Amino acid sequence: MIAAPARAAGKTVVLADARQLLTLADGTASARTGRAQGELGLREGWSVVIQGGVITWTGPHAELGPVIAGNRDLEIHECRGKVVLPGLVDSHTHLVWGGDRRDELEMRLAGADYEAIFAAGGGILSSVRQTRALSEDELHRASLRRALRMRACGTTTFEIKSGYGLDLEGERRQLRVARRLGGDDGLRVRATCLAAHALPAEFRGVEGGRERFLEQVCEVILPAIVAEGLADYADVFCDRGAFTPEESRRVLLRARALGLGLRVHANELGSTGGALLAAELGAASADHLLYLDDRERAALREAGTVATLLPGTSLVLGKPHADGRALVEAGVPVAVASDCNPGSCALESLALVLALACYGCRLSPAEAICAATHNAAASLGLADTVGRIAPGLAADLLILATDDYRDLVYHAGSPLIAAVFQGGERVV
Ligand code: NIG
Ligand code: FE
């Protein structure tokens, strides 16, 4: 499912003598909760050896010699005084879209309301019109440009949702572009069908329109997407002005029966039932969660559903922040993602967003790094592939031009990402 990024055969790559190596390798491979969410497995003065795109050894730099002895094709990256950590895992993006909504940004900054713009046929529906208007190649070009900028900011794994097609051809086109980014383009990608993102214009104001659209999603779009192997997950926008919990349950149950994993846009605009629905269905992830009470947190914990926080969206929309502290204290595994989309948050840097999770959602820097690496990977079923630094995992790694990982938060927004490795290849 996950295409292996291109790699040079035979070469041994070494990241040598890092001041701080954040392995996240102690403890289990499942998503981290409570105190373990803040345990980074920090090693000082360690090195990493990579062969064939995979981490083959980590250990004290003093012990590196024998490990690489006799190896003629060596590529050594000096990391003294620097931080090495796993490539960031962005577990919630909508990065395949056409056009832009810069005009809406200005309208909102002047006081217009996101939900009112959406209800009036703008918002998501504006992006649907602009996305449908592009050819697949145009859509791919625009999306790849964005994805490469995101990678330059540290993201090496991307979850990518559809949801700007809202008909079979449109959804298929978005997901094919997502697969192409994960194939020929060498990014690591998980694709999610979000056909139930909004009621499309052609079904609005039409007798029985909602019912007919849901029927279309369940009986036409999802089965075709699954038959063509275009998605790993399904998602629903379960919130005020989008889909009710009953409508969302129907779509998610159908998706589950077809073999897809589940993710839910939940409790972004109010306490609208999405979080409890995600827990009820054992969804891999419930996302946004701005409004959440103790009962909902307990339900997520019991279900093992990862709570994915999107603080960039709160910032851009001027909304409250999700209470990350309460989630960690309640024992819910927390992930942080960008939500990169054309409307509610076009921020591309997950490194910046993880800092927002500290300032806004009250995570510690260590908890936020776990949230944007290992826990995000776990929510995508990739915990044994990415998100930690240990033998056997993919060599998706970052080098920071600083000697303390907390600078990602302390100096948020500064150009600290000195190098990005994807599948053992230095790509930035
Ligand atoms: O996660 N909430 C729904 N979907 C996106 C916004 C999409 C858009 O405005 O285009 C989100 O914020
Ligand atoms: Fe989203």
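The lining of the largest pocket comprises 8 nonpolar, 2 polar and 8 charged residues; here Ala, Val, Leu, Ile, Met, Phe, Trp, Tyr, Cys and Pro count as nonpolar, Asp, Glu, Lys and Arg as charged, and the others, Gly among them, as polar. The model is a predicted one, in which local features need pLDDT of at least 70 and side-chain atom pairs count only at pLDDT 80 or more, while totals for chains, interfaces and linings use all residues. Residues are numbered from 1 along each chain as its sequence is written, chains are lettered from A and ligands numbered from 1 in the order in which they are written, and side-chain values use heavy atoms, with hydrogens and water left out.

The largest pocket has a volume of about 380 Å³. Its lining counts 18 residues, with Trp 97, Asp 100, Arg 102, Pro 342 and Ala 346 nearest the centre. Two or more lining residues come from each of α2 (102–109) and α5, and α5 gives the largest share, 4 residues. Grid points are joined across faces, edges and corners, and a volume is the space filled by probe spheres set on the points.

The second largest pocket holds about 180 Å³ of space. Among its 13 lining residues, Ser 349, Ala 351, Gly 413, Ser 414 and Ile 417 lie nearest the centre. This lining has 9 nonpolar and 4 polar residues, and no charged ones.

Helix packing can be followed from α5 onwards. Helices (H or I, at least four residues) are DSSP runs, numbered from the N terminus. The axes of α5 (residues 136–152) and α6 come within 10 Å and cross at roughly 50°, axes being lines fitted to C-alpha atoms over the stretch in contact, with angles from 0 to 180 degrees between N-to-C directions. The two helices, α5 and α6, are therefore oblique to each other; angles under 35 degrees count as roughly parallel, over 145 as roughly antiparallel, 65 to 115 as roughly perpendicular and the rest as oblique. Residues of the α5–α6 contact (heavy atoms within 4.5 Å) include Glu 136 and Asp 137 in α5 and Arg 173 and Arg 176 in α6. This contact divides into 4 nonpolar, 3 polar and 5 charged residues.

Helix α6 (residues 168–182) also packs with α7 (residues 209–227), their axes coming within 10 Å and crossing at roughly 30°, which makes α6 roughly parallel to α7. Leu 168, Glu 171, Arg 172 and Leu 175 in α6 meet Val 220, Ile 221, Ala 224 and Ile 225 in α7. By class, 6 of these residues are nonpolar, none polar and 2 charged.

Finally, the axes of α7 and α8 (residues 245–257) come within 10 Å and cross at roughly 15°, so α7 and α8 are roughly parallel to each other. Their contact divides into 7 nonpolar, no polar and 7 charged residues.

Conventions: 1 Å grid on protein atoms, 1.4 Å probe; cavity = no way out; pocket = protein on both sides within 12 Å on 5 of 7 lines; lining within 4 Å.
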